[in-house]
Amino acid sequence: MILWYLLFGIGFGVILQRSHICFVSAMSDPQITGSTEIFRSILIGILTSSLGITIMKYLSNGALDLLGVSTISIPLMFGAFLFGIGMMLAGTCASGMFIRLAEGCMVHLFTIPSVIIGYLIGTKHYTTLWSNFIVDAPVIFLPHEIGWSAGIVSNILIILLLYLAARKYESSTAISYQSNYLYGAICLGILNVLHFFVLKSTWSITGAFFWFGELSTVKVDSLMAALGPNLRNFGLFLGAFLSVLVCKKFHIQKIRSYKQILKSVIGGLLMGYGACIAGGCNISAFFISAASLSLSAWIFLIFLFMGSFVGIKILYKLL
């Protein structure tokens, strides 16, 4: 099972690096350049993934229904907002920081530990502060609320409406360029389905950081839960690094200034803290959750966009 975690991490890393899918660009491009190409590709990836995951959930007789489904709560919204700001300041997302580091972007040597520290800070007072807002918060798995047929159709409609709205917005503001975004997103969706099938769990990035605060108390029966996700994150870096070496495109990108380090550290702290209280990041709380028919994913997306908007404004002030 440990080997599967590593192999899936490598697979995700190769796909993200080769396709250049970037969740930061997916949020920022519509606001800066008017392009929605990456965002639309990610939506197709979610649609691809949701088809396979829906079949497995339906056939599980309820055993897998709530995998990837989160509560709709104030911590989810505020966490997504903070994560969006942090993404823009750091110039990367939870998955992207491993990919960019593998490509030689040295500033993310500061981003990754900052995200981990931010996440651990969130865990310190999560029970006393944020959990109070989650106790009575709704957990909306669409098939449970409106039936399987209506739930599946509703999720597909949300994806299609967002796709069409993004395409219409782009048609009047930017030119679409040929890229590997779409193929990469589809491959990402397919590999996510295989991950769901083999490991009976969902792909996450920041969830693995919880165990950094539990190293002194982790039990033997929890070793898989602690080691597997972190090994998958290492595989993410390793897959991207191998991809770069094969393409002979690796080159060291030196840190330009202390200001760049400061933005990465502050952005990383906000990303880590936001992911902790929201219960996930751009991967688990959005991509995976949306593919799992959870309404929380689309709420997360709204506040992620809002945070990204604020983050871009802050960047303009700093430049």
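The crossing of helix 3 and helix 9 is right-handed. This comes from a predicted model, and the two helices pack with their axes 8 Å apart at an angle of about 25 degrees. Helix 3 is therefore roughly parallel to helix 9, since angles under 35 degrees count as such.

**Helix 3: span and burial**

- Helix 3 runs over residues 37-59, and 18 of its 23 residues are buried, so that the helix is mostly covered.
- With 23 residues at 1.5 Å a residue, helix 3 should span 33 Å. Its end C-alpha atoms lie 34 Å apart, which agrees with that expectation.
- Helix 3 is followed by Asn61, a residue with a positive phi.

**Helix 3 against helix 9**

- Helix 9 covers residues 181-199.
- On the helix 3 side, the residues that meet helix 9 are Glu37, Ile38, Ser41, Ile42, Ile44, Gly45, Thr48, Ser49, Gly52, Ile53, Met56 and Lys57.
- On the helix 9 side, the residues that meet helix 3 are Tyr181, Leu182, Ala185, Ile186, Gly189, Ile190, Asn192, Val193, Phe196 and Phe197.
- An α-helix has 3.6 residues a turn, so residues three or four places apart point the same way.

**Helix 2 against helix 3**

- Helix 2 spans residues 23-32, and its axis comes within 7 Å of the axis of helix 3, crossing at roughly 130 degrees.
- Helix 2 and helix 3 are therefore oblique to each other, because the angle falls between the 65 to 115 range for roughly perpendicular and the limit of 145 for roughly antiparallel.
- This crossing of helix 2 and helix 3 is left-handed.
- From helix 2, Phe23, Ser25, Ala26, Met27 and Asp29 take part in the contact. From helix 3, the partners are Ile38, Phe39 and Ile42.
- Ile38 and Ile42 of helix 3 meet helix 2, and Ile38 and Ile42 also meet helix 9.

**Helix 4 against helix 13**

- Helix 4 consists of residues 74-90, and helix 13 of residues 296-318.
- The axes of helix 4 and helix 13 come within 6 Å and cross at roughly 40 degrees.
- Helix 4 and helix 13 are therefore oblique to each other, as angles count as roughly parallel only under 35 degrees.
- Helix 4 passes helix 13 in a right-handed crossing.

**Gln17 in helix 1**

- Gln17 sits in helix 1, which covers residues 2-19.
- Gln17 has a relative accessible area of 6% and is therefore buried, the cut-off being under 20%.
- The side chains of Gln17 and Ser243 make a polar contact at 2.5 Å.
- Beyond its neighbours within four places in sequence, Gln17 is in contact with Ile99, Glu103, Ala240, Ser243 and Val244.

**Loop residues with positive phi**

- Most residues other than glycine have a negative phi.
- His20 has a positive phi, near 60 degrees, and lies in the loop between helix 1 and helix 2.
- With a relative accessible area of 41%, His20 is partly exposed.
- Asn61 also has a positive phi, near 55 degrees, and is found in the loop between helix 3 and helix 4.
- Asn61 is exposed because its relative accessible area is 75%, and exposed means over 50%.

Definitions and conventions: Residues are numbered from 1 along each chain as its sequence is written. This is a predicted model: local features need pLDDT of at least 70, side-chain atom pairs count only at pLDDT 80 or more; totals for chains, interfaces and linings use all residues. Side-chain values use heavy atoms; hydrogens and water are left out. Helices (H or I, at least four residues) and strands (E, at least two) are DSSP runs, numbered from the N terminus. Buried means under 20% relative accessible area, exposed over 50%, partly exposed in between (1.4 Å probe, protein chains only). A polar contact is a pair of N or O atoms within 3.5 Å; within protein, one must be able to donate a hydrogen and the other to accept it, and residues adjacent in sequence count only if both atoms are side-chain atoms. Contact means heavy atoms within 4.5 Å. The expected span of a helix is 1.5 Å times one less than its number of residues. Axes are lines fitted to C-alpha atoms, for helices over the stretch in contact, and angles run from 0 to 180 degrees between N-to-C directions. A crossing is left-handed if the near helix is turned anticlockwise from the far one by less than a right angle, and right-handed if clockwise.
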